Amino acid sequence: MASLPVYRWRLAPDGYATRRQLRARGLRPGGQGVAAQLERPRRRRGPLVAYLYRIDLAKPVRPMTPARWAALAKANAARRTCPACGRDAGYVIPPTLGTCVPCAYPEQYAA
């Protein structure tokens, strides 16, 4: 098993990119393995590590289909719907509350 080349922070050669950098270019790793890694040293802890992928082997991002858009809209609607009152809160309900704010604090929102 060959080890990965390790580069210091900001010193990686051209032709490599992180997942975020690939995504900004409209690309994805496309099944390729990690080609190298970056390490950013820190004082009291282990180094920060970022994995790099080869740009020439990256593939374009798959386009969103109407079915994927519909599934995403349904998932986001479920995150906004209060399980206690069943109303659309208009925002993503915080998992710490579990319900919309008026249901979590009924004494403050009593009419």
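**Close-up views of a predicted model**

**View 1. Ala17 meets its partner across the sheet.** Tyrosine 53, in E5, is the bridge partner of alanine 17. Before you zoom in further: this is a predicted model, so local features need pLDDT of at least 70 and side-chain atom pairs count only at pLDDT 80 or more, while totals for chains, interfaces and linings use all residues. Residues are numbered from 1 along each chain as its sequence is written, and side-chain values use heavy atoms, with hydrogens and water left out. E2 and E5 (residues 48-54) are antiparallel, with two bridges between them. Strands pair if DSSP finds at least two bridges between them. The strands and helices themselves are DSSP runs, numbered from the N terminus: a helix is H or I over at least four residues, a strand is E over at least two.

**View 2. Here is the open sheet with its mixed pairing.** Its four strands come in the order E1-E4-E5-E2. E1 (6-8) and E2 (16-17) stand at the edges with a single partner strand each, so one side of each has no neighbour in the sheet. Three bridges link E1 and E4 in the parallel sense, and valine 6 sits opposite glutamine 37 of E4. E4 (residues 36-40) also pairs with E5, this time antiparallel and over five bridges. In that pairing, glutamine 37 faces tyrosine 51 and arginine 40 faces leucine 48. If you're wondering what holds such strands together, they pair through backbone hydrogen bonds.

**View 3. Look into the largest pocket.** On a 1 Å grid over the protein atoms alone, a pocket is an open set of points with protein on both sides within 12 Å along at least five of seven lines, whereas in a cavity a 1.4 Å probe fits but cannot get out. This one has a volume of about 210 Å³, that is, the space filled by probe spheres set on the points, with grid points joined across faces, edges and corners. Its lining has 14 residues, and Ala12, Tyr16, Gln21, Leu38 and Leu52 are nearest the centre. A lining residue has an atom within 4 Å of a point. The lining splits into nine nonpolar, two polar and three charged residues. Here Ala, Val, Leu, Ile, Met, Phe, Trp, Tyr, Cys and Pro count as nonpolar, Asp, Glu, Lys and Arg as charged, and the others, Gly among them, as polar.

View 4. Threonine 99 is buried, at 17% relative accessibility; buried means under 20% relative accessible area, exposed over 50%, and partly exposed in between, with a 1.4 Å probe and protein chains only. Leaving out residues up to four places away in sequence, threonine 99 touches Cys82, Pro83, Ala84, Ile93 and Ala104, where contact means heavy atoms within 4.5 Å.

View 5. Most residues other than glycine have a negative phi. Arginine 10 lies in the loop between E1 and E2 and is exposed, with a relative accessible area of 74%.
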